[in-house]
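This report describes selected surface and side-chain features of one protein chain. Please view the sequence and the structure together before reading on.

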Amino acid sequence: MAGIAILLDLYQKKPSFCSPQSFHSSGLFSASAAAASAAATVAAGTPFASSYPKVSHCDAGAVLPEHYISNTQRSSEDFFKNDALKYSVKEYKIELKPLFSAFELRPFALTTLRSFLLFYLPLLEPSLNIEEDEEDFPQDSTEERRVDLVVPLKKSVKQIIRETTVVTTRRILERLAVIYVSQRMAWKLLKDVPKSAVRKSQRGMPATVYLFRVSRTTFRGHLLGVTAAWIVQTGIEIYRCFSRITNSDESDEANVTVRAKLLGKKISGITIRCGASLIFASIGAGICATLFRPSVGQWIGCAAGDLAGPIIVSVCLEKVFHVDL
């Protein structure tokens, strides 16, 4: 295009320049002009060749060797395999226990034994004291040594029903958590805490970090159990309140108000005791898992904190704030 533009410019200036005679007779179209025109024509085929790099076009029909394709596929497979191992998605395996697991042979037997020991062991102390004092006071009648075994039996049965109800309520809460909570959070709530403590101990973390993480895991794993206990105890107190209101002869508003205030006080006490149980169980599990074996220490610390937490909080509130829970 540049060569054509030069020729048109010359033609406008000198029309006789492009006539056939002028091409042969005139000396203006010399060898140098022809060379310049040819160079301009070549330059027109490759515009801006000196300022930009050349771009080579590939042939779509070019045939690649087979070993090149196989090597490329193998390298891509190795890359994605290693990348998958490095950035693999964590799977949350949730194992739900049976709904009526509290009525299985071993758990039910342990619950029954614990309940009977809880209410029958205190009866052994008065009998021992009577046997020791029998020599000093031989005139005591046998009626004073009689022990009522019916009342502890009723209390033991009620305790068994209460504990089995708590466990069954927890199983229901676990299923609700799986349905309405994210899979990751449900896995944390249903995690086997002693096994988790063992896995954490194998990571070589500092003692303070290990204590904190075991306590946090115990808090999450123990949350549903404490919530189930709170629901059952609150339900029992509500039932007792309404039964007393309906069975009482006085049905005025003053009586209802007093019963309602008493119910609120009892529910507040249950909430404080359950919160103390959860917090002390978590702290005790972390401390015992750090000091002793992870699995056994976590279990012992959780049980000790669950038992001692409500007692400690009740004593502190009674001594400091004069509040009876």
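## Nonpolar surface patch

In this predicted model, L96, I172, L176, V178, I179, Y180, V181 and M185 make a nonpolar surface patch of about 720 Å². Patches are built from residues with over 30% relative accessible area and no salt bridge, with nonpolar side chains (Val, Leu, Ile, Met, Phe, Trp, Tyr) joined within 5 Å and like charges within 9 Å. Accessible areas come from the Shrake-Rupley method with a 1.4 Å probe, and for residues only the protein chains shown count as cover.

Helix 7 (residues 150-180) supplies the largest share of the nonpolar patch, 5 residues. Helices are DSSP runs of H or I with at least four residues, numbered from the N terminus. I179 is located in helix 7 and is exposed, its relative accessible area being 60%. The accessibility classes are buried (under 20% relative accessible area), exposed (over 50%) and partly exposed (in between), with a 1.4 Å probe and protein chains only.

The structure contains 6 salt bridges, each defined as a side-chain nitrogen of Lys or Arg within 4 Å of a carboxyl oxygen of Asp or Glu. Side chains of opposite charge can pair when their charged atoms come close.

E163 pairs with R114, with 2.7 Å between the closest N and O atoms. E163 is buried at a relative accessible area of 17%, whereas R114 is partly exposed at 45%.

E237 forms a salt bridge with R240, the closest N and O atoms being 3.5 Å apart. R240 and E237 are separated by about one helical turn, because they lie 3 residues apart in helix 10 (residues 207-247). R240 is partly exposed, with 33% relative accessible area, while E237 is buried at 14%.

E237 also forms a salt bridge with K266, for which the closest N and O atoms are 3.6 Å apart. This pair links distant parts of the chain, with K266 in helix 11 and E237 in helix 10, 29 residues apart. K266 is partly exposed at 27% relative accessibility.

I267 is also found in helix 11 (residues 253-291), and its relative accessibility of 21% places it among the partly exposed residues. Beyond four places in sequence, I267 touches W230, T234 and I238, where contact means heavy atoms within 4.5 Å. The C-alpha atoms of I267 and I238 are 8.8 Å apart, although 29 residues separate the two along the chain.

## Confidence and conventions

The predictor's confidence in each residue is given as pLDDT, from 0 to 100. The protein chain has a mean pLDDT of 75, and 62% of its residues reach 70 or more. Over residues 16-64, pLDDT stays under 50, and the model has 20 contacts for them beyond four places in sequence. Where pLDDT is low, the predicted coordinates should not be read in detail.

Residues are numbered from 1 along each chain as its sequence is written, and side-chain values use heavy atoms, leaving out hydrogens and water. As this is a predicted model, local features need pLDDT of at least 70 and side-chain atom pairs count only at pLDDT 80 or more, while totals for chains, interfaces and linings use all residues.

Key. Helices (H or I, at least four residues) and strands (E, at least two) are DSSP runs, numbered from the N terminus.
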